[in-house]
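I opened the model and kept notes on what I looked up. The entries follow in the order in which I made them.

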Amino acid sequence: MNTHPCKIISPDNLLASFEAAIKENSANELAATSGERHKRSVGQWSKFWGNGRTLNITFVNAEPEALRKQIEGIIRQWEPSTNLTFTFDQKLNGDIRIKTGAQTNESYVGTDATLAPADEPTLSLLVDPQNVDFEWTILHEFGHALGLQHEHLHPKANIPWDRPKVYDYYKTNYQWTEEQVYYNLFTLFPTADFMQGPYDKESIMHYVVPNELTFGDWEVPRNTRISKLDRRNMRKAYPKPNTTP
Ligand SMILES: [Zn+2]
């Protein structure tokens with residue numbers, strides 16, 4: 001069995017999440033559908049950081065410098081596709097606070113991290129460098145930290161899930177409740193959502209889809225690299241001046 005699937009950390013207060021997103025980057029509101037704010041559901045506005053800003057990334061534990069450098073190197077794979085500057089500076093209380101040696105792999109999505117208490121991590125890693133899942137897990141979690149959602153929840157994903165088998169599988173292997181499975185696997189984002197790019201089976205933000213959990217011959221293997229469309233989405237979210245995505 002592989003590493004436990006990632007669960008994003010969702011703030012309880014949706015209005016606070018919305019307001020934090022707009023305060024940081026007014027373009028986040030453009031993605032929101034019309035309607036009363038209290039009717040909005042998660043994912044109906046984007047949560048990208050202010051374009052052009054510096055993102056301070058810190059660690060909450062006293063892990064070895066070599067491990068920090070390794071994590072930093074992996075995270076920096078995202079940087080060229082953004083118009084952000086990543087800094088790793090222990091003197092600052094980071095915008096993104098990484099905890100290694102955690103019980104799970106999880107992250108807030110983009111600006112939701114601003115709602116976390118200042119002394120708590122915003123991105124947690126269970127994986128260590130000995131783990132075969134180390135690199136892709138960090139790429140995936142940091143994709144969330146930059147504002148990307150789960151690709152298998154893309155409105156056009158159309159995954160032929162065999163739902164009873166999915167509930168069984170996640171209960172047996174990960175002790176997930178039906179509500180957790182429903183939320184993390186079946187709750188698609190609305191079509192009027194943030195990116196409007198095509199669905200991408202190769203996205204680093206996609207869950208593994210085992211063939212035995214779908215009807216027909218349909219699966220998604222473990223994606224281990226940032227895909228071309230992941231990079232295009234990132235360039236759309238954080239456009240560089242005088243370039244087209
Ligand atoms: Zn995830």
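Entry one, a helix. I looked up what the buried residues of helix 3 pack against, and found strand 2, strand 3, strand 4 and helix 4. I took contact as heavy atoms within 4.5 Å. Helices (H or I, at least four residues) and strands (E, at least two) are DSSP runs, numbered from the N terminus. Helix 3 spans residues 65–75, and its buried residues are Leu67, Arg68, Ile71, Glu72, Ile74 and Ile75. They cover an arc of only 160° around the axis, so they are on the same side of helix 3; the arc is that of the directions from the helix axis to the C-beta atoms. Buried means under 20% relative accessible area, exposed over 50%, and partly exposed in between (1.4 Å probe, protein chains only).

Entry two, ground rules. The model is predicted: local features need pLDDT of at least 70, side-chain atom pairs count only at pLDDT 80 or more, and totals for chains, interfaces and linings use all residues. Residues are numbered from 1 along each chain as its sequence is written, and side-chain values use heavy atoms, with hydrogens and water left out.

I traced six strands in an open sheet of mixed pairing, in the order 1-5-6-4-2-3; two strands pair if DSSP finds at least two bridges between them. Strand 1 (7–9) and strand 3 (85–88) are at the edges with a single partner strand each, so one side of each has no neighbour in the sheet. Strand 3 pairs with strand 2 (residues 54–59) in the parallel sense, over four bridges. In this region leucine 55 is opposite phenylalanine 86 of strand 3.

I found aspartate 89 in the loop between strand 3 and strand 4. Aspartate 89 is partly exposed, at a relative accessible area of 26%. Leaving aside neighbours within four places in sequence, I noted its contacts with Ile57 and Thr58.

Which residues are the protein donors of the zinc ion? I listed Cys6 (SG), His140 (NE2), His144 (NE2) and His150 (NE2), lying 2.0 to 2.1 Å from the zinc ion. Donors are N, O and S atoms within 2.8 Å of the metal (3.2 Å for Na, K and Ca); water is not among the atoms, so sites may look incomplete. The donor residues follow the spacing C-x133-H-x3-H-x5-H. Histidine 144 and histidine 150 are buried.
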